[in-house]
Amino acid sequence: MPLALEGKKAIVAEVSEAAKGALSVVVADSRGVTVGKMTDLRKQARENGVQIRVVRNTLARRALSGTQWECLNDSFVGPTLLAFSTDHPGAAARLFKEFSKDEKSFEVKALAYEGELIPASDIDRLATLPTYDEAIAKLMSVMKEASAGKLVRTLAALRDQKQEAAA
């Protein structure tokens, strides 16, 4: 069913606005996925700070032109599902990677992060990025190990110093 010009302008404006606030974008093809599974995917996306839009290719190209996501234009072939990560750059990639494990017909076409086009085969580059909480936990464990190691070295040096003084 053809869209009126005003409807197309509204879609372009919505997608363009979502793209402005996005940290990364993932393009996928959802042919063959049931409506129920897509509803579950959309629910998980909302919970993870990911906005999902099904957009016509020409409207997607128009909405992303002049943005850092313009590098995705060549991937707009066939049915297009756009996912904009707003909270964490790897959220959409992680979500789609997990979803494609169960749904073999779901295909990730391309990804973009900071204006760089990432092929679908390299989805792990974004999907394995640690979340903020995971990064803080890793940093704290490294700091804890470093301080514990320093304490051990200090105690060993103090022991050596006392042994030398006793001898």
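Is D29 buried or exposed? Buried: its relative accessibility is 5%. That is a handy way into this predicted model, and my other notes follow.

1. Start with the partner of D29. Its side chain meets that of R31 in a salt bridge, with 2.8 Å from N to O.

2. The salt-bridge count comes to five. One of them ties K37 to E103, and here the closest N and O atoms are 3.9 Å apart. The two residues come from distant parts of the chain, 66 residues apart: K37 belongs to helix α2 (residues 35-47), while E103 is in the loop between α4 (91-102) and β4 (107-113). If you look at the cut-off, a salt bridge needs the nitrogen within 4 Å of the oxygen, so the 3.9 Å pair still qualifies. K37 is partly exposed at 36% relative accessibility, whereas E103 is buried, with a relative accessible area of 13%.

3. Another salt bridge joins the side chains of R159 and D160, at 3.2 Å from N to O. Both ends count as partly exposed: D160 has 33% relative accessibility and R159 has 47%.

4. Now helix α1, residues 5-20. Its 16 residues reach 22 Å from first C-alpha to last, close to the 22 Å expected at 1.5 Å a residue. Its buried residues are V12, V15, S16, A18 and A19. Looking down the axis of α1, these fall within an arc of 160°, so they line one face of the helix. On the other side, E6, E17 and K20 are exposed. As for what the buried residues pack against, it is β2 (50-54), α3 (57-64) and β3 (81-85).

5. Strand β2 also holds V50, which is buried with a relative accessible area of 4%. Leaving out residues up to four places away in sequence, V50 touches A45, A83, F84, S85, A91 and A92. For a sense of scale, V50 and A166 are 66 Å apart, C-alpha to C-alpha, and 116 residues apart in sequence.

6. Last, the surface of helix α6. M140 lies in this helix, which covers residues 132-166, and counts as partly exposed at 48% relative accessibility. Together with Y132, I136, L139 and M143, M140 makes a nonpolar surface patch of about 540 Å².

Conventions. Residues are numbered from 1 along each chain as its sequence is written. This is a predicted model: local features need pLDDT of at least 70, side-chain atom pairs count only at pLDDT 80 or more; totals for chains, interfaces and linings use all residues. Side-chain values use heavy atoms; hydrogens and water are left out. Patches are made of residues with over 30% relative accessible area and no salt bridge: like charges are joined within 9 Å, nonpolar side chains (Val, Leu, Ile, Met, Phe, Trp, Tyr) within 5 Å. Accessible areas come from the Shrake-Rupley method with a 1.4 Å probe; for residues, only the protein chains shown count as cover. Helices (H or I, at least four residues) and strands (E, at least two) are DSSP runs, numbered from the N terminus. Buried means under 20% relative accessible area, exposed over 50%, partly exposed in between (1.4 Å probe, protein chains only). The expected span of a helix is 1.5 Å times one less than its number of residues. The arc is that of the directions from the helix axis to the C-beta atoms. Contact means heavy atoms within 4.5 Å.
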